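Morning, everyone. Let's look at helix packing and the nonpolar core. Here is the model.

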Amino acid sequence: MDFNCSDVSLWKESLASYSCRIEALNKPNLVALDDFYRNELPSLILERNPSPYITTTDISKLMQWKLTRGKWRPRLLDFVSALDEDVVKSASEKAFTSLPDVSKAVSELTVLKGVGPATASAILAAYAPDIAPFMSDEAMVAALGNSKDYTLKQYVVFVDKLQAKAKELSTKGDLFTPSDVERALWSSAAAAKLQDSSTDAHLMVKPNKNSKRKRK
């Protein structure tokens, strides 16, 4: 998916294929973790009135989702799973009330050990998908041309780009959030990787044209 593409039908198709791409990766527990992250966690956070917050257990499962969908780094999971419950609650309450100031919100979360800007973005996206998209490798490459600079400064630029794209796509009759844009970009990149893997596998098993056929 070219980030500059303005064909809403292509963006809708890519977004609609997201769940199929998740399944096609065939990674242990990823389907269940993705369902938790996209469908269960947002409701859990919003139900915690009057000040929404996230728990240590929530962050642990969110980190499992992030690492399973992306690159596995077990030390990060160890760090967040050991976080103090009260500290996590306080930090996340401050972060959520800081929105729409994503810079301040990320800063409130990155005081937690094991939580960098990318993980903070995943937490914010679960609470406010209409404001803060997840800082995934695939979307970073598509929107900014690289996925190496995981800094707050880079995230702010990333958010501006995806918010603008969501607004552009939404003016054409369909509602897109910045998180929808991120998932569509991820889905497109995942499809390309799966296609490459399929092609490589096909080439590996392709019979040698010069070999003699066995007689029946």
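Predicted model: local features only at pLDDT ≥ 70, side-chain atom pairs only at ≥ 80, totals over all residues.

Residues are numbered from 1 along each chain as its sequence is written, and side-chain values use heavy atoms, with hydrogens and water left out.

Helices are DSSP runs of H or I, at least four residues, numbered from the N terminus. Axes are lines fitted to C-alpha atoms over the stretch in contact, and angles run from 0 to 180 degrees between N-to-C directions.

First pair. H4 (residues 56-69) packs on H5 (residues 74-81) at about 170 degrees, axes 9 Å apart. The two are therefore roughly antiparallel (angles over 145 degrees). H4 brings Thr56, Ile59, Ser60, Met63, Gln64 and Leu67 to the contact, and H5 brings Leu76, Leu77, Val80 and Ser81. Contact means heavy atoms within 4.5 Å.

Second pair. H7 (residues 102-109) meets H10 (residues 152-170) at about 140 degrees, axes 10 Å apart. From H7 come Val102, Ser103, Val106 and Ser107; from H10, Leu152, Tyr155, Val156 and Val159.

Now the core: a set of buried Ala, Val, Leu, Ile, Met, Phe, Trp, Tyr and Cys residues joined through side-chain atoms within 4.5 Å. Buried means under 20% relative accessible area (1.4 Å probe, protein chains only). The largest core has 60 residues, and Trp11 and Leu124 touch the most other members. Helix H8 (residues 117-127) gives the most, seven residues.

Note on methods: Parallel < 35°, antiparallel > 145°, perpendicular 65-115°, else oblique. Buried < 20%, exposed > 50% of the residue type's maximum accessible area, 1.4 Å probe, protein only.
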